[in-house]
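The sequence and the model are shown first, and a description follows.

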2 protein chains.
Amino acid sequence: MDGGIPRGEFGLIDWIRSQQQAVRRQGTVVGIGDDCAVLEFSPGSKVLVTTDMLMDGRHFRLADDGALAVGYKAMGVNLSDIAAMAGVPRAAVISVALPPENSVAIAQGLHAGLKRMADRFEVDLVGGDTNAWNGPLVVNVAIIGETTVAGAVGRSGAKTGDVILVTGPLGGSLFRGRHLRPEPRVREALALTEAARIHAMIDLSDGLSSDLGHILKESGNLGALLEAAQIPLHSDAIEQSQSDGIAAIDHALHDGEDFELCLVCSADTAIRLLGNSPGGTVLHPIGEITALPGLRIRDSHGIISCVQPRGFDHLRAPD
Amino acid sequence: MDGGIPRGEFGLIDWIRSQQQAVRRQGTVVGIGDDCAVLEFSPGSKVLVTTDMLMDGRHFRLADDGALAVGYKAMGVNLSDIAAMAGVPRAAVISVALPPENSVAIAQGLHAGLKRMADRFEVDLVGGDTNAWNGPLVVNVAIIGETTVAGAVGRSGAKTGDVILVTGPLGGSLFRGRHLRPEPRVREALALTEAARIHAMIDLSDGLSSDLGHILKESGNLGALLEAAQIPLHSDAIEQSQSDGIAAIDHALHDGEDFELCLVCSADTAIRLLGNSPGGTVLHPIGEITALPGLRIRDSHGIISCVQPRGFDHLRAPD
């Protein structure tokens, strides 16, 4: 296309195809340009699949953030779900509904952002569906991955007495736009599951209180006691707290879109992992699984209070 | 939930999970309720993945069609892409952006429609992403399938002298709402590829002129000569022609959303397939692949004219 603006859907698809590397990554048998992509995985591995949709005004603001940032985030949040299962991401398919103004430029920016994130994790963009409409921008990504010999880590394996850990500081992801720059913990999850048996894992997309709640519920309605002083606070949470008067710990518990992992393992395993940091993975122990259901937190004075999950609810009325 | 309205995103997810059968289909290791679904396929098979997004006002009209019909179509159009590769559909992930009014009822209707179509093809709904926003309804489906020993049939294998066939009558899919009731030719594609070597195949979603054009382009810029009298006209195309004055053959060539298969095979194979109709598959030979590039059509007087592809362009300005 020589820098020209591709015309129509098929022109755009040709342009996108031209942006892919000439040699497809191993495992992609048929990529963009057919009715389906064809993938070939390692014998014995299982297939992982996840999907996330991002809408203008809800998960990003196109006018402020730009299409490239939107694409980067859209791919990142899906990779984070593969990380949460300790999977290896392999290929992605993308659907977009483009607004009427600047639709081709938006599609190109999106693609650049999607590809920038995908390339960091050696993920092929193998197909998609490009549409125009009179509504705001909507981007959907579905990622296919595979499990390693360690198997997939679900949400249901937590046991009473297990230690809860997170891979990084939490809170305030909206304040400086960090939610647009997720760091999917794919390599960290693979290093952790290669080194030890992780009982349960989830990525922090909706907020610690909500996401840890899923592990507790799926593990047979267990509970957790968090130690407030041990929850790593992101500098964004501290800054935002100074600006909005909401305690930084509440930002850390409820904001979401940190895209760190929250994992649960036996105390012995936790001690070993904290000692050798597999793959350089940063780990913060933040509390313990309890037989008593519900999420509680102990403050620096030893006072325990209940935490109501109020992380991001995708059905909450939009602002 | 005992017939009550599920509250919030997680209430809705619980409701959807409760609608799935207690026993998962073979191959679904982890379904709804984790970060990813985990699937296990037959050893040696390849993985197929496809995605399609449907937007209110563009692919359906929610107020007229209802959420159930939208879900049914959204699943059907994706199954049709699996059929076009002669694959076996296995599992689907769904993303929705729900409008603010009646969002839970819409989600439930959508799910019923998605599941009705998925059940017909033994496809598991294994995960998704449910969102609310202030925009119109958007539904995205991604389907994972696998290939059979016959392998995937792509678009690039057509050869000069090959016969072009379609699996049913074409045109007028919008006129009586038939576009909402696709019949994905999954079983037909499997029967055909089990019985014979198909050189190229595509499903008729954008219109014969446009979709056959993809086969011609991908097969090395070949051409095709269609016989107008042999193209099966749907009764909808004939009725619509009487209403709008556009020739029924033009509806058949350009309307799209027929979701029949267009396949290409050698003349010997075509004769054999027409003789024994594998799996009861209806087949209509409609023309021949030519070395001369471009799509042409011969009318009943023997006059040949060029056909410009003008099927559904997803980037065409919406009505």
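## Overall composition

Of the 319 residues in chain A, 61% are buried (under 20% relative accessible area, with a 1.4 Å probe and protein chains only). This is a predicted model, in which local features need pLDDT of at least 70, side-chain atom pairs count only at pLDDT 80 or more, and totals for chains, interfaces and linings use all residues. Residues are numbered from 1 along each chain as its sequence is written, chains are lettered from A and ligands numbered from 1 in the order in which they are written, and side-chain values use heavy atoms, with hydrogens and water left out.

Chain A contains nine helices and 13 strands (DSSP runs numbered from the N terminus: H or I of at least four residues for helices, E of at least two for strands).

## The seven-stranded sheet

An open sheet of chain A is formed by seven strands in the order β8-β10-β7-β11-β9-β12-β13, with mixed pairing (two strands pair if DSSP finds at least two bridges between them). Strands β8 (200–203) and β13 (304–306) of chain A each have a single partner strand, so one side of each is left without a neighbour in the sheet. From one strand to the next, the twist averages 25° (axes are lines fitted to C-alpha atoms, and angles run from 0 to 180 degrees between N-to-C directions).

Methods:
Buried means under 20% relative accessible area, exposed over 50%, partly exposed in between (1.4 Å probe, protein chains only).
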